[in-house]
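Morning, everyone. I'll walk through one part of a fold today, strand by strand. Please have a look at the structure first.

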Amino acid sequence: MSSKPCRALTLESMNPYVKEAQYAVRGELAVRSEEYRAKLANGEGKDLPFDTVIAANIGNPQQLDQKPITFFRQVASLLENPLLLEHEETFVKSLGYKSDVFERARWLLEEINSVGAYSQSQGAPAIRESVAKYIERRDGYPASFQDIYLSNGASSGVNTLMNVICASPNTGVMVPIPQYPLYTATLSVLNAKCVPYYLEERHAWGTSLEAIRTSYDKAVAEGTDVKAIAIINPGNPTGASLPAEDIQSVLEFAAEKQLVVIADEVYQTNVFIGEFISFKKALRDLQKEQPGKFDHVELASLHSISKGMVGECGHRGGYLELVGFDPEVAQQIYKYISIQLCPPVIGQCIVEVMVNPPKEGEPSYELYKKEYDGIFNGLKERAHALYDAFEHMEGVECDKPHGSMYLFPTIKLPQKAIEQAKKENRSPDEFYCFRMLDATGVCVVAGSGFGQKEGTLHFRTTFLAPGTEWTGRIVQFHKDFMAEFK
């Protein structure tokens, strides 16, 4: 008798920490929304109560019709096919390319040789130099290209840092709640400990030093070796933009407890109220004001081409800057990223044009400025339209849009809805979001996917989808939902 062949890899034999990881942004709600989208595309959606699916669950601007910035794509086209450089006059006369597009492409090709070739593992030196100059202009303090590590989007930078920091299952990293699930999922895969600290919803989702200290003390008392604290500013999923005093308090706490600070700043150009203050600038200010006290603080700051007005998610470009790290640790970080060879070279080039865009007086500046401002103003307009919609919804509370690409409203649901959710084996906010998707085609993410204080319910929505008509769908759905379950 022949025995039935068995697979070597099963759910029981695979890495259990991968199974435990959760990533709600692309979870069951998103899968169902794509099924609806496919049904409509195949002409099979006549039974659905909507004719379009709105992907308000993920910050993916160009999937939602945000147009690429012309200068960036024109440069990229020449990098991908350098033979086009031999026909500059034709492209200028017939396709509207400007002379500075060709200048930038030629300069980048001199530095990288080809986008089809590997670069240095840390990234092309000239591009890292451009990043360093951008940081200097932004913060008013020196930056060195040697401290810049280009990455496969900011997510790759986070993954690198977590792998280096998490030395054992007892290592803890402080993560803001609500948080972008990249952090908890990565810690889960690494079998390390998430040390959650709650943001203050009543204070525009700012950080609370008291909450941070309480969380830290509890983790240490339980035997956790807390090594780092992560901050997302502007916030995801909250949309908060941290004031200077919140940033300084985090740095003071990190200095006191000798914690690595991971500053996720990918939404730094998406600020609608106030101004963006980088952790690098705040740290340098403190070091200047109080010599010696903050000299040992280790700060890793991350940025990306995926967000802002650029939205080039698919090109996978980003960087991280290391400040105050032990040179021997930096060498180990370099070794770790070397295992992955190098980040995508075309992504590196788009990082360069992001940090060094056309300047006033240059041929491409006028169109670049028009496109950049148009994207920014469109995001702001849609953010306020969505906020205004929430203002008309019973039991929904939301802060004014401060920054990033998201709103994170509180929802207060009737007891009957909570009971029905329990019958369907779902959390109440997840139940609400599924009902919204099924009724409107609008896909959002339940607050439980990001973490939230016990007894509170939320959902996260982007405001990237074009137009504002779909906000009315949410208002009507909510009205009907509340009437059904009252």
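Start with strand S3, residues 171–177. S3 and S5 run parallel and are joined by four bridges. Two strands count as paired if DSSP finds at least two bridges between them. Threonine 171 stands opposite aspartate 225 in S5.

A word on the basis. This is a predicted model, where local features need pLDDT of at least 70, side-chain atom pairs count only at pLDDT 80 or more, and totals for chains, interfaces and linings use all residues. Residues are numbered from 1 along each chain as its sequence is written, and side-chain values use heavy atoms, with hydrogens and water left out. Helices (H or I, at least four residues) and strands (E, at least two) are DSSP runs, numbered from the N terminus.

Now S5 itself, residues 225–232. Is S5 mostly covered or mostly open? Mostly covered: six of its eight residues are buried. Buried means under 20% relative accessible area, with exposed over 50% and partly exposed in between, using a 1.4 Å probe and protein chains only.

Next, the other partner. Five bridges link S5 to strand S6, residues 260–264, and these two also run parallel. Alanine 228 stands opposite valine 260 in S6. To get from S5 to S6, the chain passes through helix H10, residues 244–257, in a right-handed β-α-β crossover. Right-handed means that, with the strands pointing away from the viewer, the path from the first strand over the helix to the second runs clockwise. Further along the pairing, alanine 230 has isoleucine 262 of S6 as its bridge partner.

How many residues of S6 are buried? Five of five. Both faces are covered: Val260, Ile262 and Asp264 on one side, Val261 and Ala263 on the other.

On to strand S7, residues 299–304. S6 and S7 pair in the parallel sense over four bridges. Valine 261 has leucine 299 in S7 as its bridge partner. Helix H11, residues 279–289, carries the chain from S6 to S7, and that β-α-β crossover is right-handed.

Finally, the wider region. Over residues 109–469 the chain is 42% helix and 16% strand. The end C-alpha atoms of that stretch are 44 Å apart.
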